[in-house]
Amino acid sequence: MDNNNGPNDTDSERLATTELTLNLGPQHPATHGVLRLVLDLDGETIVKCTPYVGYLHRGVEKLSEYRNYLQILPLTDRLDYISAMANNVGYCVAVEKLFGIEIPERAQFIRTMVAEMTRISNHLLWLATHALDIGAMTVFLYCFREREKILDLFEKLCGARLTVSYTRIGGVKNDVGPQWLEELCRFTDEFPMRVEQYETLIDKNRIWLKRTKGVGVISAEDAINWGMSGPALRGSGVPYDVRKAMPYGAYDKLKWEVPIGKNGDVYDRYRVRMDEFRQSNSIIRQCVERLPEGPIMADAPKFTLPAKDRVLSDMEHLIHHFVLITKGPQAAPEGEIYSATEVPKGELGFYFVSDGTGKPYRMRLRSPSFVHVSALPKLCEGEMVADVIANIGSIDIVLGECDR
Amino acid sequence: MEPTEIANRLQEKFPLEVEEARSFRDQVFVTVRRERILDICRYLYGAPDLNMNFLTDLCGVDYPERKDRFEVVYNLYSLKFNHRILLKARVPADDPSIDSVVSVWSGANWHEREACDMYGIVFNGHPDLRRILMPEDWEGFPQRKDYPLKGKEGWEYRGFEDTKELHSHDREWNIG
């Protein structure tokens, strides 16, 4: 034996290597739902990653062809079930665009407010689980503490915590009260300090930095070419935000910025979301301060439900209510529209084909998670197995929305 | 650029391909023939003042009463110029095929797979055209208008009876 040789040069060369196929999911806590990945591995390096989706397919697009416009709203809660409010807003914005309804300013501000609250609660859940996946347990508990407060506020507003169905075509269901607003203000006062706390927990943590910096890099061109949107796209330095590009709600009346990253790695996507916490918080604060007085439902009796107290006391309104509920809005114009909103995960688009009946002829959902999962092989291939988990976390997917 | 201007540009560039241009609520829909869809998409992607670099969405729509039954809708957007156009290509039922645009936008991959899964539209040149949301062995195309909402007659999952038989011994343990 020649002692000059190191222990691992000849032996490892002689050993034949074979690729190993590893099945990850569909029941795996770190895939954030029922996502299944088949990984071809060479040692610990991923040669090929093939995602399989569809385990949560409920046929929402098909179902909605058989339901009228008012009945589809609860289905949208169940797409991205951790940011249901944002989906509701997206759906209502789309239908209002199709119908040509202008909604009152107060309703617009309230919608913006609840949509941003959803963004905070979504990013809190994302940060909690993403950090947990990479091994930082403490953040999980802190994040859930704040998320609880937002869910409590939702409960006070509409009675539900997750599947809220709060917005209505033409406005919102309940008005916000002074006490509720005060509570929200208290939340926005302390929240920036909480974000700093999360950052002190992980931002300078060496393990966290090693696990996220330079991992899952995607260039701006690739991210655009794959159709990525939301924080996943902005992490690569593309300042595309539907709220700025095609404003809806009250976003064009408020002052806020679009945070972007530079390198397009897991860390930058994390940074973008952390900055979005602060921006969302500021948007909520501005909405509360500038909330105008006025009605919360549009005056469009052909499309919007009459007020409940009128329905219970007045025959005409009862009939009107009955017709709308059973047949749907009959005055829908014939045509097609695409409408997009910025939900916490990216661009949620609704494409409607209307044939003039109370039901959509075709409702297409452009869900960000679906697109992001399709880009997952691009992020993972050539990296280590452990980085798959970091990558899944960083694109922030929910399979309910992906599979529809 | 205004969407109508983009439609005019397409009309000039591909006079034989553009069949119809319509607009509704400030959005323009251009219907083109399916034969040269890839050229049209490459043009929209590559022309420096159009630069439709973001394929927002691609989906199928079914119109059973039309001569060309299916429609593939390309929702194109330019991040640089903030303009959008919806491109539509009609596909007949007897030969439901159209060229794939994966070579232009990688993101088209799964959208095309879904359109194939749900409507049976074949995308020529697609790298991996398998079912995506439905199980691999599913028969039929669920989002076609003639496909019933609750599935075909006798669609029910029949493995349940077998499973009950398989686990009949559970009764002895009082867990079935």
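The model is predicted, so local features are given only where pLDDT is at least 70 and side-chain atom pairs only at pLDDT 80 or more, while totals for chains, interfaces and linings use all residues. Residues are numbered from 1 along each chain as its sequence is written, and chains are lettered from A in the order in which they are written. Helices (H or I, at least four residues) and strands (E, at least two) are DSSP runs, numbered from the N terminus.

**Chain A as a whole**

- Chain A holds 18 helices and 8 strands, and its C-alpha trace spans about 100 × 45 × 35 Å along the principal axes.
- Taking the contacts in chain A between residues at least 6 apart in sequence, 71% join residues at least 24 apart; a contact requires C-beta atoms, placed from the backbone, within 7 Å.

**A sheet in chain A**

- Three strands of chain A form an open sheet in the order β6-β7-β8, with antiparallel pairing, and strands count as paired if DSSP finds at least two bridges between them.
- Because β6 (334–343) and β8 (360–366) of chain A stand at the edges with a single partner strand each, one side of each is left without a neighbour in the sheet.
- Neighbouring strands of this sheet are turned by 15° against each other on average, direction ignored.
- Strand β7 (residues 346–355) of chain A is joined to β8(A) by 6 bridges, and Val353(A) stands opposite Arg362(A) in β8(A).
- Helix α4 (residues 84–99) of chain A lies across β6 and β7 of chain A and runs at about 150° to β6(A); axes are lines fitted to C-alpha atoms, for helices over the stretch in contact, and angles run from 0 to 180 degrees between N-to-C directions.

- Strand β5 (residues 83–91) of chain B is mostly covered, with 7 of its 9 residues buried.
- Strand β2 (residues 27–32) of chain B runs parallel to β5(B) and is joined to it by 4 bridges, with Thr31(B) having Lys88(B) as its bridge partner.
- Strand β4 (residues 70–78) of chain B runs antiparallel to β5(B), with 9 bridges between them, and Tyr77(B) has Arg84(B) as its bridge partner.
- The hairpin of β4(B) and β5(B) has 4 residues between the strands, and in it Asn82(B) takes a positive phi near 55°.
- In helix α2 (residues 37–46) of chain B, the residues Ile37(B), Ile40(B), Cys41(B) and Leu44(B) are buried.
- They cover an arc of only 95° around the axis, which puts them on the same side of α2(B); the arc is that of the directions from the helix axis to the C-beta atoms.
- The buried residues of α2(B) pack against α1 (3–13), β2, β4, β5 and β6 (97–99) of chain B.

**Where the chains meet**

- Chain B places 27 residues in contact with 30 residues of chain A.
- On the side of chain B that touches chain A, β2, β3 (54–62), β4 and α3 (108–119) of chain B each supply at least two residues, and the largest share, 6 residues, comes from β3(B).

Conventions. A residue is buried if 20 or more other C-beta atoms lie within 10 Å of its own, exposed if 12 or fewer, and partly exposed in between; C-beta atoms are placed from the backbone. Two residues are in contact if their C-beta atoms, placed from the backbone, lie within 7 Å.
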